[in-house]
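Thanks, everyone, for making the time this morning. I would like to walk through one model with you, so please have the sequence and the structure open while I talk.

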Amino acid sequence: MKVTDPERFWSHVVRGPAAGDCWIWTGAIANDGYGCFWTKVGDGQNVMRPQRFAYQLATGTALPSSVLLLHSCDVPICVHAVLDAAESHLSEGTHKTNMLDRAQKNRHANRWSAWRFNGLAREERTQRSRDLRDVILTHGWDPERMSAALAGVEETHPRLF
Ligand SMILES: [Zn+2]
């Protein structure tokens, strides 16, 4: 039986147990901290951003390349796209709204998300995305380990309170 692109796509996604949780892409991650999803097109391959693929699945329409997607949770590898704008972690925007919306960006922030990616340099963001993915691939949805990965805190160096 032929595996469809959406089936293959979702096989790389781990959804958090709560309704508002992120859905984390656990496939390939590029050097900018965002994911890569390859699809076959004719004899060749096409690479897509997982969040755009998820968004297009949710809306059922193709997204023009001029339209940016914004992460309200600010987790680069989150693909939580649904039609209900209040629930979706992804929404359409422009570079301008991207800047304007920064203040609201933590709308879906939670203990393992969001602000921990804010202001990170490209390399750090990439490392953090990969750390988060690797924790989930190894341990499943484990909030403690995910928090540690996102905080960049070594397990051997517990924070002192
Ligand atoms: Zn999210």
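What you see is a predicted model, in which local features need pLDDT of at least 70 and side-chain atom pairs count only at pLDDT 80 or more, while totals for chains, interfaces and linings use all residues. Residues are numbered from 1 along each chain as its sequence is written, and side-chain values use heavy atoms, with hydrogens and water left out.

On that basis the protein has five helices and seven strands, and their order along the sequence is α-β-β-β-β-β-α-β-β-α-α-α. Of its 161 residues, 42% count as buried, where buried means under 20% relative accessible area, exposed over 50%, and partly exposed in between, with a 1.4 Å probe and protein chains only. If we take contact to mean heavy atoms within 4.5 Å, then among contacts with a separation of 6 or more, 54% come from residues 24 or more positions apart.

Let me turn to the metal. Which residues coordinate the zinc ion? They are Cys22, Cys73 and Cys78 through SG, and His89 through ND1, at 2.1 to 2.4 Å; donors here are N, O and S atoms within 2.8 Å of the metal (3.2 Å for Na, K and Ca), and since water is not among the atoms, sites may look incomplete. The angles among the four donor atoms run from 104 to 112°, and the site is tetrahedral, a label that four donors receive if all angles lie between 85 and 135 degrees. For reference, the ideal angle for four tetrahedral donors is 109.5 degrees. Along the chain, the donors follow the spacing C-x50-C-x4-C-x10-H. Cys22 lies in the loop between strand E1 (13-15) and strand E2 (23-25), and His89 in the loop between strand E6 (68-71) and strand E7 (90-93), so this pair ties together parts that are 67 residues apart in sequence. Both ends are buried, with Cys22 at a relative accessible area of 0% and His89 at 1%.

Asp74 is in the loop between E6 and E7; its phi is near 70°, a positive value in a residue other than glycine, and at 10% relative accessibility Asp74 counts as buried. Ala19, in the loop between E1 and E2, is by contrast exposed, with a relative accessible area of 63%. Leaving aside neighbours within four places in sequence, Ala19 is in contact with His80 and Glu87, and the C-alpha atoms of Ala19 and Glu87, 68 residues apart along the chain, are separated by 8.4 Å.

Now to the aromatic residues. The structure holds seven aromatic pairs, meaning rings of Phe, Tyr and Trp (its six-membered ring) whose centres lie within 6.5 Å, with planes under 30 degrees apart counted as stacked, over 60 as edge-to-face and the rest as tilted. The rings of Phe9 and Trp10 have centres 4.9 Å apart and planes at 80°, so that pair is edge-to-face. Phe9 and Phe37 are also edge-to-face, at 5.2 Å centre to centre and 75° between the planes, and this second pair links distant parts of the chain, since Phe9 is in helix H1 (residues 5-10) and Phe37 in strand E4 (residues 35-41), 28 residues apart. Phe9 is buried at 0% relative accessibility and Phe37 at 2%, whereas Trp10 is partly exposed at 27%. Ring pairs link Phe9, Trp10, Trp23, Trp25, Phe37 and Phe53 into a cluster.

Seven of the 10 residues of H2 are buried, so H2 is largely enclosed by the rest of the structure; among the buried ones are Pro50, Phe53 and Tyr55. The cover over them includes H1, E2, E4, strand E5 (44-48), E6 and E7. The largest nonpolar core has 31 residues, and those with the most contacts inside it are Phe9, Ile24, Val75 and Leu132; such a core is a set of buried Ala, Val, Leu, Ile, Met, Phe, Trp, Tyr and Cys residues joined through side-chain atoms within 4.5 Å.

Definitions and conventions. Tetrahedral: all angles 85-135°; square planar, octahedral: opposite > 155°, others 65-115°. Helix = DSSP H or I, 4+ residues; strand = E, 2+ residues; numbered from the N terminus.
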